[in-house]
Amino acid sequence: MLKKYVLPVIVCLCGVSLAQAQIQQIRDVLPNDKVTSLEINPSMDVLDDNDGVSLSKMTMKGYYKFAPDMTAGIEVPLARFESPVESKDGLGDTTVSLNFGRYNEGETWSYGAVAEGILPTATSRALGAGKLQFNPSVYGVYQANENWFMAAGYKQYWSVVGDHARDNINYARLRFVVAYLSDTNWWAMIDPRYYIDYDNKGQAKFQPEFEVGTMINEGTAVYLRGGGKMGGNMPGADWTVSMGFKILYL
């Protein structure tokens with residue numbers, strides 16, 4: 001059971017060790033993430049560690065800056081669902097987004113908002129939620145100095161239309177981030193997240209994540225992210241791991 005997770009973790013760790021320059025942005029936390037960019041993001045969500053149920057993705061992410069404070073994005077995942085009884089490969093659900101962020105160099109406070117849509121493009125029931133979703137979010141950032149910042153945000157997940165046999169989606173994510181931005185080319189942050197299910201009274205979960213990353217040069221960056229459910233009765237992945245490779249300023 002453990003062996004099939006070893007290779008993805010090793011690949012993630014090796015990717016992080018390659019980097020060396022200056023941090024430019026952390027997506028969806030700092031509102032100065034307003035550049036045209038491309039990202040490759042392999043990830044694995046272990047849905048049931050005991051029974052060997054997992055969902056792996058290779059996601060291509062593109063962002064286009066079309067105004068000083070506005071960026072449009074699209075994320076297209078190739079996915080694989082694996083369990084003891086079946087395996088499915090194909091396209092996952094596609095994410096489109098419109099990002100607004102107000103940030104001026106040297107300011108202590110900044111803020112942003114994201115209008116996100118999830119399109120039910122998955123080619124198999126196991127690879128997506130089966131619902132068209134609208135997931136808006138807002139966040140604020142306090143930058144204490146050049147090296148430390150804190151951010152807080154709220155995100156709402158709503159299903160609009162879709163497969164009537166699938167559960168409706170109506171839950172929220174509360175998030176508080178503390179991050180350190182090094183003068184010598186790397187960053188680290190803790191990202192506690194609390195989820196509340198509004199359709200199922202009493203269901204919630206605490207799922208903290210962490211991230212470390214660095215710049216390879218002025219135009220490329222890599223990061224490693226991981227986390228898992230540490231409390232609560234809301235369904236979700238037991239643990240998750242992902243890495244990203246970003247090409248900036250296209």
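This note covers a nonpolar surface patch and the salt bridges in a predicted model.

1. Start with the surface. Leu38, Ile40, Met58, Met60 and Leu78 make a nonpolar patch of about 410 Å². Strand 1 (37-48) and strand 2 (53-67) each supply at least two residues of this patch.

2. Ile40 lies in strand 1. Its relative accessible area is 33%, so Ile40 counts as partly exposed.

3. Turn to the charged pairs. Side chains of opposite charge can pair when their charged atoms come close. The whole structure holds 10 salt bridges.

4. One of these joins the side chains of Arg80 and Glu82, at 3.7 Å from N to O. Arg80 is partly exposed, with 32% relative accessibility. Glu82 is partly exposed too, at 27%.

5. Another salt bridge brings together Arg193 and Asp191, at 3.0 Å from N to O. Is Asp191 buried or exposed? Asp191 is buried, because its relative accessible area is 0% and buried means under 20%. Arg193 is buried as well, at 10%.

6. Arg225 and Glu209 also form a salt bridge, with their closest N and O atoms 2.6 Å apart. This pair links distant parts of the chain, 16 residues apart. Arg225 sits in strand 15 (residues 220-228), and Glu209 in strand 14 (residues 209-217). Arg225 is buried, with a relative accessible area of 11%. Glu209 is buried, also at 11%.

7. Arg175, Asp191, Arg193, Glu209, Glu211 and Arg225 are linked in a network of salt bridges.

Key: Residues are numbered from 1 along each chain as its sequence is written. This is a predicted model: local features need pLDDT of at least 70, side-chain atom pairs count only at pLDDT 80 or more; totals for chains, interfaces and linings use all residues. Side-chain values use heavy atoms; hydrogens and water are left out. Patches are made of residues with over 30% relative accessible area and no salt bridge: like charges are joined within 9 Å, nonpolar side chains (Val, Leu, Ile, Met, Phe, Trp, Tyr) within 5 Å. Accessible areas come from the Shrake-Rupley method with a 1.4 Å probe; for residues, only the protein chains shown count as cover. A salt bridge is a side-chain nitrogen of Lys or Arg within 4 Å of a carboxyl oxygen of Asp or Glu. Helices (H or I, at least four residues) and strands (E, at least two) are DSSP runs, numbered from the N terminus. Buried means under 20% relative accessible area, exposed over 50%, partly exposed in between (1.4 Å probe, protein chains only).
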